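Reader: I am new to this structure. Please take me closely through one part of it, and show how that part connects to the rest.

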There are 2 protein chains.
Amino acid sequence: MKIRSVSSIEKWILQKIYTSIGRPPIRLALERGSEVGPTDAEPVASVLISDWSTFTRLLLNPEIGFGDGYTEGRIEVEGDLVILLETVLRTMKAYDAKNWKSVLWSRWLERIQANTLDGSARNIHQHYDLTTDFYKLWLDPQLAYTCAYFPTMSTTLDEAQLAKMDYVCRKVRIQAGEKVVEAGCGWGSLALHMAKHYGVTVKAFNISKEQISFARERAKRENLSHQVEFIEDDYRNISGHYDAFFSVGMLEHIGAEHYRDLGRIIHRAIGDSGRGLLHFIGRNQLCPFSPWIRKRIFPGACIPTLRQIMDVFEPWDFSVLDVENLRHHYARTLEHWLSRFEGSEDRVRKMFGSEFVRAWRLYLAGSIAAFRVGRLQLFQIVFAGSECRRIPWTRAHLYTNLSPAVKEQKWIHARS
Amino acid sequence: MKIRSVSSIEKWILQKIYTSIGRPPIRLALERGSEVGPTDAEPVASVLISDWSTFTRLLLNPEIGFGDGYTEGRIEVEGDLVILLETVLRTMKAYDAKNWKSVLWSRWLERIQANTLDGSARNIHQHYDLTTDFYKLWLDPQLAYTCAYFPTMSTTLDEAQLAKMDYVCRKVRIQAGEKVVEAGCGWGSLALHMAKHYGVTVKAFNISKEQISFARERAKRENLSHQVEFIEDDYRNISGHYDAFFSVGMLEHIGAEHYRDLGRIIHRAIGDSGRGLLHFIGRNQLCPFSPWIRKRIFPGACIPTLRQIMDVFEPWDFSVLDVENLRHHYARTLEHWLSRFEGSEDRVRKMFGSEFVRAWRLYLAGSIAAFRVGRLQLFQIVFAGSECRRIPWTRAHLYTNLSPAVKEQKWIHARS
C-alpha cells in the first residue's frame, strides 16, 4: 500500500463526507487545506472547517459533527445558512434509520431522555425554562412558540399567531359556556384567547414552572382567572370532564410509546361526545429525529408520522375529521423568529454566551430548511368522538369570516 | 333439565339475538309468536321474522341472516328502515374482528373474492356492469356514483355532484395544459369535467366494460375525445407520466394488500413533483367490512383505516396535505339515491326482480345509517411528492369562489 500525503488523505476524507451528504452544490473546505465542491456550478454557500479534530468528527457523525462544530465556532458558513442547510437537505437522504450507529445512538438517547413523569419534567425544563425574558426577545408579544397561520402573504407574525389561535378555536367550533382542556399550554396565550373571545372555561396543563407562573400572572392581569385555570402538572394527570381537548405543540415531546396513553387520557376527558384538536410537527416517514436537535435542543423529542398518531384515535373510535398540513406556515414562522433572534443577538450572547447563540441560530435555520424541503411537516388534526353532535357541515366557516364571533352555526344533528 | 315449551325457547332465542345487537329500542317479533323490545320506551321500528329457518339463521349470523332474510321477504320491517338500522348500529358493537366465525368468514371471502387482475375484473363486473340504464334511474344525470359535496343545506344532488367534481379539481389545483391520470373513472363524469372546465388532458382507467363504453360515447358527444382518453384497463397497468393523480371511489375495491402497490403506481405516474387526491370510504378502526355487503353487493370490497392508507404514501415520501372527512355528505348523497331508487322501484323490479329491489334498498338504507352513526367515514386526501412546487398556501381558495375558473393562484415556490 502506498502512503498518501496528508493533503491527499484530506481530499479523500472531504470527498467521503461530500458524497455522504449527496454531493450538494456547496463548497466544503478545510482552512488552509483542501476543498471539494460542485464541478458544474457555482456553490450556493461554503462550509469552512477550522481543524482536523472537527474534520474527523464530521466524518464519524456528519449531523452531530456539523452541529457541534458550528456551535463551537470551529465550522464557519460563508453565505446564507438557511440556503446552505436547505441545499444539503435536498440532496442528503433522510437520516438512515437502519444504520447501526444511528440505531445505537437513537436507543441511547431514548433511554437517557425517556419521557417518564420525571424524565419529561427534566426534558421540558431544559428548553422551556430558559427564562421567559429570552423568549420575549424573539417570539411575538403573545409568546406563542408554535407554528403561526398566515391567512395572506402580507400577514405579520403577531397577526399570524392571533390568526392561528382563532383558526384552531374555529376548527373545533368551541362555544360560549363550554369546558375546554389544554395539554401543554406554553405561556397560556391560547387558553386566554379562548376564554376571552369564545367565552369558554379552560383548564390548561403544563409542566414548565416558568411558563405556568407567567401564564397565571397574565390571567390575573387580564381578569380571566375565573375562566382559566393554569395547572402545573403532566398531561397524564388531567382529570375532569370536558367538551373539547386541545394540544398545540406538545405531541413532539411525549414519545411514540405514549400515544395510546394520550388517546386514553383524551377519551377519559371528553368521552364519546367531545371533540378536539392536535397540532404537532410530523413527518412523512418513520426515521429517527435529528440527533443533534435531540442532543442539544429538544431532549426527549420524537416527531411522529400520521400512521403513528393513529394510536391516539383508533382505540377509542375517534373519527379524524380534518387534517391540514401547514409546513410552509412553519417555515415562515421560523423565518420571523430567526430574523428577530438575529436582531437580539447581542442580548442573547450576554445571557447565555456565544456558543448558545450559534447553536440556536443553527436550530432555527435548520428548522426553516427542514420545513421548506418537507423533511418536517406541521399537522393540525381535528377529531371527534363517536357520539359527537358538533361536526360542522363544511369547512367554509373557517374562511368566510375571520372575526372570532361566528354567527351562523350549522351543526350536523343526529336524527334520532 | 326441564324441557321448555316452544314459545319459551323462542323467547330465549329472541332475547339472545336482542342482546347480541345491544338491546336497541326496536321490537323484534316472530310472526304469530313471541316478541322482545324495549321495556322503558316505544320501539322506533319493528322487525318481523316470518319463519323458524330465518329465525335460526339470524341467531347463527345476525348480519347475513338479516340481510338475506330481508332480501327474501322473510323479514319485514315496520317503520322507517333507515331509522331502524341507525338505531341498531348505535347499540351494536362494531363487528367483532376476533370472533372465530368472523375471521373464518372473512378469510374465505378474501380468498374467493381476491383482487388479482382477474378477480378484480370479476368483482367489478358483478356490481358496475348491472347496466347503465339501472344506474340512470337513481343517480344524478352525470352518473357520479360516489359521495357528493353539498356546499349548503339546500344544494340538490345534481348540483352537489358537480360541486364535488369542482371541489376535488380545486383541492389539487389542476391547471390548463396539465396531464392528469384517473384510476377508476366510473362513467367518466369527473374526467370530462376536468377536461372541459380546467383544460387538462386526462387518461382515465376503469375495468368496467359497460362504464368505459358509455364514457367514450359521452366524450365523443361532447367533443372531448382529443382531451380525454378512456382506457379499459386495471389501475396496475397505468403507464406514462402525469402532473396529477386522481382516484375517486376506487380504493374500496383494491384490497389492503395492494395499497403499497398503489403507492408505487402513483409514484411511477407522478414522480416526486406531482400531486394527487384519493377519495374513498374509510373507517375509524380496523375490523372486517360488513359480511353481507361483501357477499351480496360489493364482492372484494375492503374499507381501510387512515393508518392502512399510509401504505400508499409513506414509502414514497409523499406528504399528506389535507384530509377531509365528508361522511355526513355521503349520508345525504345516499338519502337522495334511496329516494330516487324508491321512486323507480317498479322499473327496477321489472329489470331484476323483487329480491334485487329489497337487497339494494337494504344496502342503500344501511349505508345511510352507517355514515350517520360513524361506522363508515368518507375521506378525501390530498397529497404531494417531495419535490412538488404546487402546494396552495391556504385552503381559502376552496371556499371563496365556487366557479371553476380560479383566477388568483398562489403557490408556494421553492426559494432555491
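Author: What follows is a close look at a strand and its surroundings, widening step by step.

This is a predicted model, in which local features need pLDDT of at least 70, side-chain atom pairs count only at pLDDT 80 or more, and totals for chains, interfaces and linings use all residues. Residues are numbered from 1 along each chain as its sequence is written, while chains are lettered from A and ligands numbered from 1 in the order in which they are written.

Start with strand E11 of chain A, residues 377-384. Helices (H or I, at least four residues) and strands (E, at least two) are DSSP runs, numbered from the N terminus. Is E11(A) mostly covered or mostly open? Mostly covered: eight of its eight residues are buried. A residue is buried if 20 or more other C-beta atoms lie within 10 Å of its own, exposed if 12 or fewer, and partly exposed in between, with C-beta atoms placed from the backbone. Cover comes on both faces of E11(A). One side holds Gln377(A), Phe379(A), Ile381(A) and Phe383(A). The other holds Leu378(A), Gln380(A), Val382(A) and Ala384(A).

Now its partners. Two strands pair if DSSP finds at least two bridges between them. Strand E9 (residues 275-282) of chain A is joined to E11(A) by eight bridges, and the two run antiparallel. There, Arg275(A) has Ala384(A) as its bridge partner. Strand E10 (residues 319-325) of chain A is joined to E11(A) by six bridges, again antiparallel. Ser319(A) is bridged to Ala384(A). So much for E11(A).

E10(A) leads on to chain B. Three bridges join E10(A) to E10(B), and these strands run antiparallel. One pairing is Asp322(A) with Glu324(B). How many residues of chain B are in contact with chain A? The number is 35, and they touch 35 residues of chain A. Two residues are in contact if their C-beta atoms, placed from the backbone, lie within 7 Å. On the side of chain B that touches chain A, the elements giving two or more residues are helix H4 (81-91), helix H13 (306-313), strand E10 (319-325) and helix H17 (397-400) of chain B. E10(B) gives the most to that side, with seven residues. By class, that side has 15 nonpolar, 13 polar and seven charged residues. Ala, Val, Leu, Ile, Met, Phe, Trp, Tyr, Cys and Pro count as nonpolar, Asp, Glu, Lys and Arg as charged, and the others, Gly among them, as polar.

Back to chain A as a whole. It has 17 helices and eleven strands. Of its 416 residues, 48% are buried. Among contacts between residues at least 6 apart in sequence, 71% join residues at least 24 apart. Its domain assignment gives domain 1 (6-91) and domain 2 (117-400); such bounds come from an automatic or database domain assignment. The C-alpha centres of the two domains lie 35 Å apart. Their contact takes 13 residues from domain 1 of chain A and 18 residues from domain 2 of chain A. On the domain 1 side, helix H3 (62-71) and helix H4 (81-91) of chain A are the elements giving two or more residues. H4(A) gives the most there, with six residues. That side divides into six nonpolar, three polar and four charged residues.

E4(A) belongs to a sheet. Four strands of chain A form this open sheet in the order E2-E1-E3-E4, with mixed pairing. Strand E2 (35-36) and strand E4 (75-78) of chain A stand at the edges with a single partner strand each, so one side of each has no neighbour in the sheet. Strand E3 (residues 46-49) of chain A is joined to E4(A) by four bridges, running antiparallel. Val47(A) stands opposite Val77(A) in E4(A). Helix H1 (residues 6-20) of chain A lies across strand E1 (27-30) and E2 of chain A, running at about 145° to E1(A). Axes are lines fitted to C-alpha atoms, for helices over the stretch in contact, and angles run from 0 to 180 degrees between N-to-C directions.
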